[in-house]
Amino acid sequence: MYTVSYYNKLNYHLKLVSAKVKLEIVKKKAIIVKDLVKKYRKAEKNAVDSISFDVEEGEFFALLGPNGAGKTTTISILTTTLSKSGGEITIAGYDADKESSLVRQNIGIIFQNPSLDQNLTAEENIRFHSVLYGIYPFAPTFSLMPDAYQKRVKELAGILGIEKEMNKPIKTFSGGMKRKLEIIRSLMHKPKILFLDEPTSGLDPLSRKTLWEYLRDVRKTEKTTIFLTTHYLEEAEEADRVCIINHGQIVSLGTPEKIKRELVKKFITADSKDREKLTKELSKHSYTYTGTGPFHIMLDGKSAQDVIKSINTKLSYLYIHNPTLEEAYLEIVGNTQTEEKGATAHA
Amino acid sequence: MREVNAIATIAYRDFTRLLRDRARIISTFIFPVIFIGVLGGSLQSNLSDEAGYNFLTFIFAGVLGQTLFQSTASGIISLIEDRENDFSQEIFVSPISRYSIIFGKILGESLVALTQLVGIIIFGLIIGVTMTVAQVITLIPFFLIVCLLGGAFGIFVLSNLSSQRSANQIFPFVMFPQFFLAGVFSPIKELPLPLMILSRISPMTYAVDLLRSVYYADSPVYDKVVLFNTPINLAVIGAMFTVFMIGGTYLFMRNERNR
């Protein structure tokens, strides 16, 4: 009896170990970016200034930053449509420069501006894409296309509720419908990584909501790695990890929770008629503070109440600064946006 | 096989767009009709006796080559139009060869040019140009060759232009002089040396002469109207096509990615 149970236990542990090993192997990198630099011709500053990060397979990664931060530049280089000035990029295991065709085969892209042919119908746009990616052979009409294609298109149109519009020119589509159609199109060749460059810009709140619901479904069913650029904080908060960039450099990188901790600096603003006494007291408790009065006293993880309790000097002014993530983000990008204006032309 | 399908679908897209753009179909007939009807008619009445051959037919054969060459070359401008409409991104991120993309585009614009040609031939027949069914059938592969040369020339010119506006300004400059240097409307057997050099380096010259050499193949005036002969024209066109196609695609794609 003893030996059998021991054997079972051992076997169980071995299984656990092998599962762990497998997990390590499966968790490959979908995107590796190393010291990426991009300087546009005739530009003075680097649009992207030596950034490095990587994205795991199946991860939802968001690149967050204000206009002109270098988001579109980065995504254009990752998707092989723009040359880089320096650095190394690996997408789905392939070198973005030397194996660009293999990279292209493995990625789907939703561009910032809808890239549909306005003169073609919705179905023709999808057919064009499918043939271009070698999924189905060319045929001049829908009815001549293989049954598998016809079935898939009808199915996708059903999901989006645009069965009737499939044979109408794109011109008649609303912004939200165009976006959805682009997502359908980009998923036709079952890409491993889906790049979305500010997919909800120009959409009304309802379209944005339904688009996100659809994307969540896609992620669940297709297990696609998603690389998103956005300037909406609430969109980035949905991601597994967020990378904030500004001036082409990484400001912060990590889970939304980690970013919150890093970005949200809590402090107390206080002042007293007897400033000398107050500064002495602050130094005694070794609080970090800035200013010559009023003073910004950093909380550094301590509670505001504890800090106030420890100060005996009579205060003439007291304010607790406890920003939301949104406010913290705006503080970071807001400081620099006015001076950026001249350099945003390319992004 | 995938590349062939991709070329077919890119070409088909251009053709579909033409069929949905009625204004463009009609406007493309206007110039050839003026050239053949007005210019051909008036020269025929005044110069034919001295030249020793029918001027209307001479211009008609020339306009066939000129229209195919120019229409395909100018059609390539739509590559920039695609870029400005953000559609080119969809094509350029696809995993197919860059040469297939450009070749598909040239083929599509060739189909567009060949559609125009039908109207021109019908117009020619109405105003009295002689053209047999056998002649048309023999000419078809040569029509396509002229289109391919025009398209390759188009991508070569376009490869260094950044906007549709500059393309629309530059193209007439590189096309219009060729009408005269290629001898579409006038004989160019004898030319002063500078013009002779320009004429012989102008790609349209070989496009026009190729079609005349086939059209006039059994005619007694062959020696008077044809400059070279079919094999020489084909050889020069083949060489020019290769250089324009490879050089143009390379430069165009480099400018597309290096910004």
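In the predicted model, helix 10 of chain B contacts helix 12 of chain B through B:Pro203, B:Tyr206, B:Ala207, B:Asp209, B:Leu210, B:Ser213 and B:Val214. The residues of helix 12 of chain B that meet them are B:Thr230, B:Asn233, B:Leu234, B:Val236, B:Ile237, B:Met240 and B:Phe244. By class, the residues of this contact comprise 10 nonpolar, 3 polar and 1 charged. Two packed helices are described by the angle between their axes and the distance between the axes. Here the axes of helix 10 (residues 203-215) and helix 12 (residues 230-257) of chain B come within 9 Å and cross at roughly 145°. The crossing of helix 10 of chain B with helix 12 of chain B is left-handed.

Elsewhere in chain B, helix 2 (residues 22-51) contains B:Leu39. This leucine, B:Leu39, counts as partly exposed because its relative accessibility is 30%, a value between the 20% limit for buried and the 50% limit for exposed residues. Leaving aside residues up to four places away in sequence, B:Leu39 touches B:Ile34, B:Ile59 and B:Phe185. Between B:Leu39 and B:Leu195, which lie 156 residues apart in sequence, the C-alpha to C-alpha separation is 22 Å.

Chain A comprises 12 helices and 14 strands. Of its 347 residues, 46% count as buried. Among contacts in chain A with a separation of 6 or more, 68% are between residues 24 or more positions apart.

Chain A contains an open sheet of 6 strands, arranged in the order 6-7-8-3-9-10 with mixed pairing. Its edge strands, strand 6 (107-110) and strand 10 of chain A, each pair on one side only. On average, and with direction ignored, neighbouring strands of the sheet are turned by 15° against each other. Strands of a sheet pair through backbone hydrogen bonds, either parallel or antiparallel. Strand 3 of chain A pairs in the parallel sense with strand 8 (residues 225-230) of chain A over 5 bridges, and A:Phe61 has A:Phe227 of strand 8 as its bridge partner. Helix 7 (residues 205-222) of chain A packs on this sheet, where it touches strand 3, strand 7 (193-197) and strand 8 of chain A. The direction of helix 7 makes about 155° with that of strand 8 of chain A.

Strand 3 (residues 60-64) of chain A also runs parallel to strand 9 of chain A, to which it is joined by 4 bridges. Within strand 9 of chain A, A:Cys243 stands opposite A:Leu63. Strand 9 (residues 241-246) of chain A is mostly covered, with 5 of its 6 residues buried. An antiparallel pairing of 5 bridges joins strand 9 of chain A to strand 10 (residues 249-254) of chain A. In this pairing A:Asn246 stands opposite A:Gln249 of strand 10. The hairpin formed by strand 9 and strand 10 of chain A has 2 residues between the strands, and A:His247 in this hairpin takes a positive phi near 55°. Helix 9 (residues 256-263) of chain A lies across strand 9 and strand 10 of chain A, and runs at about 120° to strand 10.

Note on methods: Residues numbered from 1 in each chain as written. Chains lettered and ligands numbered in written order. Predicted model: local features only at pLDDT ≥ 70, side-chain atom pairs only at ≥ 80, totals over all residues. Heavy atoms only, no water. Axes fitted to C-alpha atoms, helices over the stretch in contact; angles between N-to-C directions. Left-handed = near helix turned anticlockwise from the far one by under 90°. Contact = heavy atoms within 4.5 Å. Nonpolar A, V, L, I, M, F, W, Y, C, P; charged D, E, K, R; others polar. Buried < 20%, exposed > 50% of the residue type's maximum accessible area, 1.4 Å probe, protein only. Pairing = 2+ DSSP bridges.
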